[in-house]
Amino acid sequence: MVILAVTLILCVLLGFLLLIPGRRKYDLAKEAQSSANDYKVKESKMITRAEVSLHNRRNDCWIIIKNKVYDVTSYVDEHPGGDAILAHAGDDSTEGFYGPQHATRVFDMIDDFYIGELRQ
């Protein structure tokens, strides 16, 4: 009787261990799909130069790089170049962004701040 009870308990625990990781994979896949959908929505947003120009402060900083608009507000205080990022806040920062002072990793980082396309 004791062996039967122990076997039953082990089967239940093993069942939980097998089911939980599968559920986590499903949640991660669902989250990835949701993020992909969010990105697609952001991709289609058109923003005027006038709207970008309103976001020209340390606590509200948008920039334009190659006709794409980025909200870099959360990065301003972390910027290794200090307030240099604010020199073109609310304006086109393409030239400064592609300057020799930036390591290649910034080209990957900038996508995290993307909010839309510049309306011409």
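This is a stop-by-stop tour of the structure, saying what to select and what is there.

**Before you start**

The model is predicted, so local features need pLDDT of at least 70 and side-chain atom pairs count only at pLDDT 80 or more, while totals for chains, interfaces and linings use all residues. Residues are numbered from 1 along each chain as its sequence is written, and side-chain values use heavy atoms, with hydrogens and water left out.

**Stop 1: the whole chain**

Show the cartoon. The chain has four helices and five strands. Here helices (H or I, at least four residues) and strands (E, at least two) are DSSP runs, numbered from the N terminus. Read from that end, the elements run α-β-α-β-β-β-α-α-β.

Now show the surface. The chain exposes about 8,800 Å², and carbon and sulfur atoms supply 61% of that. Accessible areas come from the Shrake-Rupley method with a 1.4 Å probe; for residues, only the protein chains shown count as cover. Of the 120 residues, 24% are buried. Buried means under 20% relative accessible area, exposed over 50%, and partly exposed in between (1.4 Å probe, protein chains only).

Contacts are heavy atoms within 4.5 Å. Among contacts in the chain with a separation of 6 or more, 68% join residues 24 or more positions apart.

**Stop 2: the sheet**

Select the five strands. They form an open sheet in the order β1-β5-β4-β3-β2, with mixed pairing. Two strands pair if DSSP finds at least two bridges between them. β1 (46-47) and β2 stand at the edges with a single partner strand each, so one side of each has no neighbour in the sheet.

β1 pairs with β5 (residues 114-118) in the parallel sense, over two bridges. Pick I47 and find L118 of β5 opposite.

N56 stands opposite C61 of β3.

**Stop 3: strand β3**

Select residues 60-65. Is this strand enclosed or open? Six of its six residues are buried, so β3 is largely enclosed by the rest of the structure. In a regular strand, side chains alternate between the two faces of the sheet. Check each face of β3: D60, W62 and I64 are buried on one side, and C61, I63 and I65 are buried on the other.

**Stop 4**

Move on to β4 (residues 68-71). Four bridges join β4 to β3, and the two run antiparallel. I65 stands opposite K68.

Zoom in on the loop between these strands, starting with K66. Most residues other than glycine have a negative phi. K66 is not a glycine, yet its phi is positive, near 50°. K66 is exposed, with a relative accessible area of 54%. N67 lies in that loop too. N67 has a positive phi of about 65° and is not a glycine either. N67 is partly exposed, at 36% relative accessible area.

**Stop 5**

Select Y70 in β4. At 5% relative accessibility, Y70 is buried. Leaving out residues up to four places away in sequence, Y70 touches C61, W62, I63, I65, I110, F113, Y114 and I115.

Pick V72. Not counting residues up to four places away in sequence, V72 touches C61, I63, I85, I110 and F113.

**Stop 4: H79**

Which element or loop holds H79? H79 is in the loop between β4 and α3 (94-97). H79 is buried, with a relative accessible area of 15%. Leaving out residues up to four places away in sequence, H79 touches A84, I85 and H102.

**Last stop: L10**

Finish on helix α1 (residues 2-43), where L10 sits. L10 is exposed, at 53% relative accessibility.
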